Amino acid sequence: MGEWPVVLFTVLSQMAAGAFVTLWVLDQRTKKIGTEMGSFASLGIALITAISLAVSTSHLGQPMEAYRALSHIGTSWLSGEILLFGMFFALTVIYWYQWHCGMERKFIGAIGASVALLAVMSSGMIYVLPARPAWNNLGPMFFFLLTAAALGPLLISVLFKIKNVQLGKNLYIFASVVLVVGLTNFLLYLSTIISMGDIGTVTGKNIIMNGVFWPRLLAGWLVPLGIIAYTALQKEWNISRLVVALFILTFIGELLGRSMFYETVTALTVFGF
Amino acid sequence: MKKAFVVKSDRCVGCHACEMACKNEYQLEATIRWRKVYQLPENEFGVPSRHFASLACNHCENPACLAACPAKAYTKREDGIVIHHTERCIGCKMCMMACPYKVPVFNEKIKKVEKCHMCADKQDRGEKPACVAGCPMEALEIVDLDDTNLANMRSFLPGFPDIAITKPTTRFITPNLGIQVRGNNNG
């Protein structure tokens, strides 16, 4: 599969964006996150963003000339995406430094969270193309935002677990709501494009017939939701030992889903070809 | 001035000479064709028939490739020709995804995209594009859309992607419908 660099870049960058927003919200709402914990989590976010940007260049035919992708901000969403994620990376580094030094970080956090959301949205807009009817709607943007919303909080929970800090139930309730919304959105999207007729229908059938369709459903949505439901049904809420599994499954599910996103889309045909 | 290809499907016999003239002129890689001869869908003209259309870049009025390219590797000349500047291309393939007509192609050897430029340099010297000059049936022509009687031409043929997306400048002359003699018809 030739699209793995883009799959990795989009999923990792969206996860980092979601994690940044999560950390900022937790910091602002609880005011209980220790400097060491916040520094560790923000460093993790910065590193993942850096890795995602490095991976993205390997998708290009000319990786050493990647800087030129910033040339066409006016009309190219790809230029916008690279600019916004570049800005986001710089903000994650500043945010980490502020955590590290125990400085006030409300303003940079707010700017970083806003840029993170805009960057993910611009990633989605890249694929809104009339030449790809199944993408020519807000579907890609919703998919990408939901990836950020699902993986971001789970990444933060894993980073906190590494430092033996357990997050409250609300974060997992939020994650499970995002997973339910993600699954619903996927099924609605699938049924919509199948009913489009012509090329949209072909894309829909490609998705269902794709080898990772069921693994994506199971790893990305059904098993993680089962884990959260199982934990919720216990007498005492203790998800600590399952946090890593929950994150890994959701992450694998998102990777499979993204590879399916790129693999299955069908372009308009020219005289049937 | 708005230069455009006229594809005369009433004259095209599907010999692929235009493709070969283009490949030969620019010494294209074996798997790359800037111009492609398509067999038109057989059942689109009321009676089963076999016709062809030779397509290269449509030098659109609103080129999706130009808008999507993050590296400004595309420009549109005043005469309407859309040029891809290989030296600026970073090989991201965005133009390939955005073009509804599958025109830009990725050259695996140089890891960059390339496409038809309507032989702009040759035209600047007053010569015909290689495909136009190479067609034995005179089924291809260059016209100025601002100064041409378009009455007998169409903006699309059945099976051509929606022209509203990018407003391609290519014009078509529809095939002459008649009894088609098949190669495998021995009766």
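Chain B contains five helices and nine strands, where helices (H or I, at least four residues) and strands (E, at least two) are DSSP runs numbered from the N terminus. The model is predicted, and local features need pLDDT of at least 70, side-chain atom pairs count only at pLDDT 80 or more, and totals for chains, interfaces and linings use all residues. Residues are numbered from 1 along each chain as its sequence is written, and chains are lettered from A and ligands numbered from 1 in the order in which they are written.

Along the sequence, the elements of chain B follow the order β-α-β-β-α-β-β-α-β-β-α-α-β-β. The C-alpha trace of chain B spans about 55 × 40 × 30 Å along its principal axes. Of its 187 residues, 41% count as buried (20 or more other C-beta atoms within 10 Å of the residue's own, with C-beta atoms placed from the backbone).

In chain B, 29 residues are in contact with 24 residues of chain A, contact meaning that C-beta atoms, placed from the backbone, lie within 7 Å. On the chain B side, strand 3 (52–55), helix 2 (64–68) and helix 3 (94–98) each supply at least two residues.

Within chain A, the axes of helix 5 (residues 139–162) and helix 9 (residues 243–264) come within 9 Å and cross at roughly 155 degrees; axes are lines fitted to C-alpha atoms, for helices over the stretch in contact, and angles run from 0 to 180 degrees between N-to-C directions. Helix 5 of chain A is therefore roughly antiparallel to helix 9 of chain A (angles over 145 degrees). Residues of helix 5 in this pairing include Phe143(A) and Leu151(A), and those of helix 9 include Phe247(A) and Phe261(A).

How values were computed. Buried ≥ 20, exposed ≤ 12 C-beta atoms within 10 Å, placed from the backbone. Contact = placed C-beta atoms within 7 Å. Parallel < 35°, antiparallel > 145°, perpendicular 65-115°, else oblique.
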